[in-house]
Protein chains: 2
Amino acid sequence: MNRPITLYIIDDHTLVTDGIKAMLAGNNSLTVAACFSNGADFFRGIKISQPDVALIDIQLPDMSGIEIARILSETYPQVKTLILSALEDEASVTAAIKSGARGYLTKDCPKDELIKAVESVIAGNIYFGEGLSERMFKGYLQKLTRQEVPDESKAILTDREKEVVQLFAEGLLYKQIADRLQISIKTVETHKANIMRKLEIKNTAELVKYAIRQNLTSL
Amino acid sequence: MNRPITLYIIDDHTLVTDGIKAMLAGNNSLTVAACFSNGADFFRGIKISQPDVALIDIQLPDMSGIEIARILSETYPQVKTLILSALEDEASVTAAIKSGARGYLTKDCPKDELIKAVESVIAGNIYFGEGLSERMFKGYLQKLTRQEVPDESKAILTDREKEVVQLFAEGLLYKQIADRLQISIKTVETHKANIMRKLEIKNTAELVKYAIRQNLTSL
DNA sequence: CTACACATCAGGGTTTTCCCTGATAATAAG
DNA sequence: CTTATTATCAGGGAAAACCCTGATGTGTAG
């Protein structure tokens, strides 16, 4: 028999990691080598030994799973990464692939799919849950080759723009932001417009949510 | 040996439900009788047969776990409810207890804690994860008995106002909200003003954050 | 019956935001 | 040296949001 496939899980929800471990307990072709609850711990761990596959939750306390996948694909390209997410929005999926991940699983996938996904990426394939593969992947590939996918995880915003986002997310008015940053209202307007264009969002509510996701403001 | 404790799980993440099922597979004092991925299915199921404990995720596609707990405590008070959440903010915890839930577990709790929690609520206790019990519960009790703290979880908002909050948090304009709710812009203005006064907030950013905390909109 | 909360709406004015078309300077990259 | 990016700013008008005062009908609890 072959050496079992080793798996690292990066997820801060013990119930999820324990659950996966329990599910794979009887499976001797797949073993959970280690679990990490945040990015920092994971990177410490991977220096010591590398798994075949890393199953990474997208939402982590210290950094985004996408960011981890990106770094991982550069530093340990032989480690296949699978992104695990509660959501299934196109932006996250495309961001996941752009980051170098080999697959995208939602937490509401059937348990068999997890095993299938792991075996699939080990075999060198890219795996997406069910209908997702066809529905999104083709369209995505077209976009990818043309470099026109806006990738939130990469945060194309400049430092100044991030400051502005943060202050908007704190609820400040244009005038107040202008005073705080010692610039004119017009400049704040320009920044806001640029931010909205870059993030492809249309209202302040989305801006606030973006700021929260990026840890620019607290909930 | 006693009849095993029966458990219903309400969570739309199959990985979580399957995980818990797998974890409890070898435990014969506790069995997962059924899993539901949304509130509607759950209420259909509970009409047929009632479990001892319902483990309810706070974020569900059709309604809040808090709302389910509230209804459940009124219609089937003998069913003990445990709220399962990814977050651990005070507002959610207090909301959980006010809704009639007997305990609050975060998804990053150790697996033993789940069993402990279930056994604890069956024994008639109220269970909170670790430090949470002392850190929050006492303060909460004080608030409850004195009714003098503006308690966000109490959500003094009317149903109509919650609808308005939700739509604002989705980024809709006054006009769009008016159209959606089939009322005039002036009425939307009134609702917004009342909401802001009640919540003691001064800007839309805070409103969005409130909506997110209350699960009225997604991040 | 009488409050009280709730949801509805109006007029009218002020403030803020949004949108458009511009411009300038500094700095970095090619 | 040219080009791109970033950060800065202006004018002017349209749209939206905000603020204040006030009103009506419908329930519901005492």
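**View 1. The surface near DNA strand D is made up of 3 nonpolar, 6 polar and 5 charged residues.** In these classes, Ala, Val, Leu, Ile, Met, Phe, Trp, Tyr, Cys and Pro count as nonpolar, Asp, Glu, Lys and Arg as charged, and the others, Gly among them, as polar. A residue is near the strand if one of its heavy atoms lies within 4 Å of it. This is a predicted model, in which local features need pLDDT of at least 70 and side-chain atom pairs count only at pLDDT 80 or more, while totals for chains, interfaces and linings use all residues. Residues are numbered from 1 along each chain as its sequence is written, chains are lettered from A and ligands numbered from 1 in the order in which they are written, and side-chain values use heavy atoms, with hydrogens and water left out.

**View 2. Helix 9 of chain A gives the largest share of this surface, 4 residues.** Helix 9 (185-199) of chain A and helix 9 (185-199) of chain B each supply at least two residues of the surface near DNA strand D. Helices here are DSSP runs (H or I, at least four residues), as are strands (E, at least two), numbered from the N terminus.

**View 3. Which residues come nearest to DNA strand D?** Of the 14 around it, they are Thr158(A), Arg160(A), Ser184(A), Lys186(A) and Tyr174(B). Lys186(A) instead meets a base: an N or O atom in its side chain is 2.5 Å from a base oxygen.

**View 4. Arg102(A) lies in the loop between helix 4 (90-98) and strand 5 (103-106) of chain A.** Its C-alpha atom is separated by 5.5 Å from that of Thr81(A), 21 residues apart along the chain. Arg102(A) counts as partly exposed because its relative accessible area is 26%, between the limits for buried (under 20%) and exposed (over 50%), with a 1.4 Å probe and protein chains only.

**View 5. Cys35(A) and Cys35(B) each come into focus here.** Cys35(A) is partly exposed, at 29% relative accessibility, and Cys35(B) is likewise partly exposed, at 29%. A search of the whole structure finds 0 disulfides over all chains, a disulfide being a pair of cysteine sulfur atoms within 2.5 Å.

Definitions and conventions:
Polar contact = N/O pair within 3.5 Å; in protein donor to acceptor, adjacent residues only side chain to side chain.
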